[in-house]
Amino acid sequence: MNKAYIAFDLGASSGRLMLGIDKEGKIELEEVHRFPNDPVVMNGTMYWDIPRLFHEMKQGLKKVALRKDVSIQSMGIDTWGVDGAWLDENGQMINLPIHYRDGRTAKVIDEVESIISEETLYGITGIQKAAFNTIYQLYYDKKYNSIIKNHGKKWLFTPDLLGYLFTGKMYNEATIASTSGLIDVETKGYSKEIFDKLNLDRNVMCELVQPGTQVGTLTKAIQEETGLGPIPIIAVGSHDTASAVVGAEIEKEDEMYLVCGTWCLMGLEVSKAQLEEKARLSGFTNEGSAKGKVRLLKNINGLWILQQLKKCLNDKGLKVDFPDIIEEARKVNHEYAIDIVDERFMAPINMEQEIIAACKEKYNVQLESIGEVATAVYNGLGKLYQETVHQFEELIGEEISTIRMVGGGTKDAHLCEVVKQTTHKAVIKGTTEASAMGNVLVQKNTLCL
């Protein structure tokens with residue numbers, strides 16, 4: 001019977017239970033249960049439907065309990081960053097986690113920055129300013145939500161909250177906490193300066209635990225409901241990107257990861273955070289690594305434009321899929337490139353026509369075929385990745401040798417080739433399921449110690 005590890009990997013649109021099965025030392029991933037993650041808007045506020053997610057996760061565990069071919073060793077949970085929920089003095093959840101796209105925090109950004117500047121915050125935390133950062137969520141909740149102000153005693157990030165529901169144990173995992181804008185990157189603890197200046201109580205945060213910590217076991221109630229035994233729950237790289245970087249299986253310091261999907265995360269694992277002003281202005285952020293290092297990264301555009309191009313072509317009656325678009329692009333060899341980060345490509349009415357118009361304006365050419373239009377996108381992506389690599393090299397003062405690509409984008413062999421040709425780096429194609437793989441690897445390595 002093979003040993004197996006349960007990895008819950010929850011994203012912004014769906015979640016799934018992936019089973020990592022150890023076959024003679026090699027992990028094979030199997031999707032056991034997938035479920036939607038649809039936000040719910042009530043009275044103008046956008047929430048995550050945690051009760052439904054928790055229910056679906058238990059359904060997945062019930063499926064696993066029926067398996068006779070594997071021996072379950074442990075379980076880990078990774079999710080998106082920044083969001084979470086409040087518990088009262090009795091450990092009861094007093095609010096559903098609010099979606100990072102909810103607009104409530106916009107009204108407090110100026111308030112916060114009148115107390116502590118954006119530059120100062122970056123110098124302490126290394127985190128890029130974003131309206132959804134946990135710092136703004138906590139400030140808003142404690143100032144403008146009377147129930148939370150009076151009864152909010154503990155804050156749990158989303159994977160911590162789910163872990164609490166399964167184990168009854170409260171904790172804050174370090175990589176998920178690193179997305180908050182509340183962690184001092186030098187001390188690797190919650191910043192006393194930030195909490196004091198914003199008049200927030202640091203005691204609302206839980207003990208920070210490192211990836212690879214056993215935080216508890218399934219409660220007796222969960223065991224009885226699902227049919228599983230008291231399996232250990234391991235705090236993995238609970239931020240999905242932290243797990244994805246583990247899944248990239250970086251071997252050397254001069255190797256870069258490229259987590260490629262609708263959006264892309266490009267970065268390095270470094271020993272020291274980059275906090276200088278040029279790093280802030282260039283869009284670099286510093287988050288926690290599952291290996292105890294710093295994930296220096298940039299969030300850059302990925303396959304969104306190609307996805308929308310396909311949708312546009314389908315909408316006008318062309319039965320084309322990504323392999324068809326890739327095949328057509330391979331036939332074309334022009335050098336026209338769109339500016340991938342131009343806001344005109346964020347949500348145009350017609351992506352195909354927007355690409356054609358952009359090339360007409362810039363190069364005075366009229367793109368006609370699917371391959372010509374797609375190539376303008378691929379060229380733009382290559383140029384963006386090339387520029388990003390150069391920014392990293394300039395910032396750290398060292399040359400990057402290799403790019404390890406993981407995520408859905410690795411299915412596109414043409415994109416992998418474009419990255420190789422434009423960056424002039426060795427490109428190693430990894431797993432499409434990087435977050436789930438990293439989740440499993442942390443569990444396995446923990447139990448093997």
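Me: In which loop is the place of His424?
Reply: The model is a predicted one. Helix H16 covers residues 413-423 and strand S20 covers 426-429. His424 therefore has its place in the loop between H16 and S20.

Me: What is the phi of His424, and is this residue buried or exposed?
Reply: Most residues other than glycine have a negative phi. His424 is a residue other than glycine with a positive value, near 60°. A residue counts as exposed over 50% relative accessible area. His424 is therefore exposed, at 65%.

Me: Where is Asn199 found, and what is its relative accessible area?
Reply: Asn199 also has a positive phi, near 55°, in a residue other than glycine. Its location is the loop between H8 and strand S12 (208-209). Asn199 is exposed, with a relative accessible area of 70%.

Me: Which residues of helix H3 are buried, and why are they on the same side of H3?
Reply: Helix H3 spans residues 118-125, and its buried residues are Leu121, Tyr122, Ile124 and Thr125. They share one side of H3 because the arc they cover around the axis is only 165°.

Me: Which elements are included in what covers the buried residues of H3, and which residue just after H3 takes a positive phi?
Reply: The cover includes the helices H2 (109-115), H4 (134-144), H8 (192-197) and H11 (277-281). It also includes the strands S10 (183-184) and S17 (285-288). Just after H3, a positive phi of about 70° is taken by Gly126.

Me: In what order do the six strands of the open sheet stand, and which strands are at its edges?
Reply: The order is S17-S18-S16-S15-S19-S20, with mixed pairing. Two of these strands have a single partner strand each, so one side of each is left without a neighbour in the sheet. Neighbouring strands are turned by 30° against each other on average, direction ignored. The edge strands are S17 and S20.

Note on methods:
Residues numbered from 1 in each chain as written. Predicted model: local features only at pLDDT ≥ 70, side-chain atom pairs only at ≥ 80, totals over all residues. Heavy atoms only, no water. Buried < 20%, exposed > 50% of the residue type's maximum accessible area, 1.4 Å probe, protein only. Helix = DSSP H or I, 4+ residues; strand = E, 2+ residues; numbered from the N terminus. Arc of directions from axis to C-beta. Contact = heavy atoms within 4.5 Å. Pairing = 2+ DSSP bridges. Axes fitted to C-alpha atoms, helices over the stretch in contact; angles between N-to-C directions.
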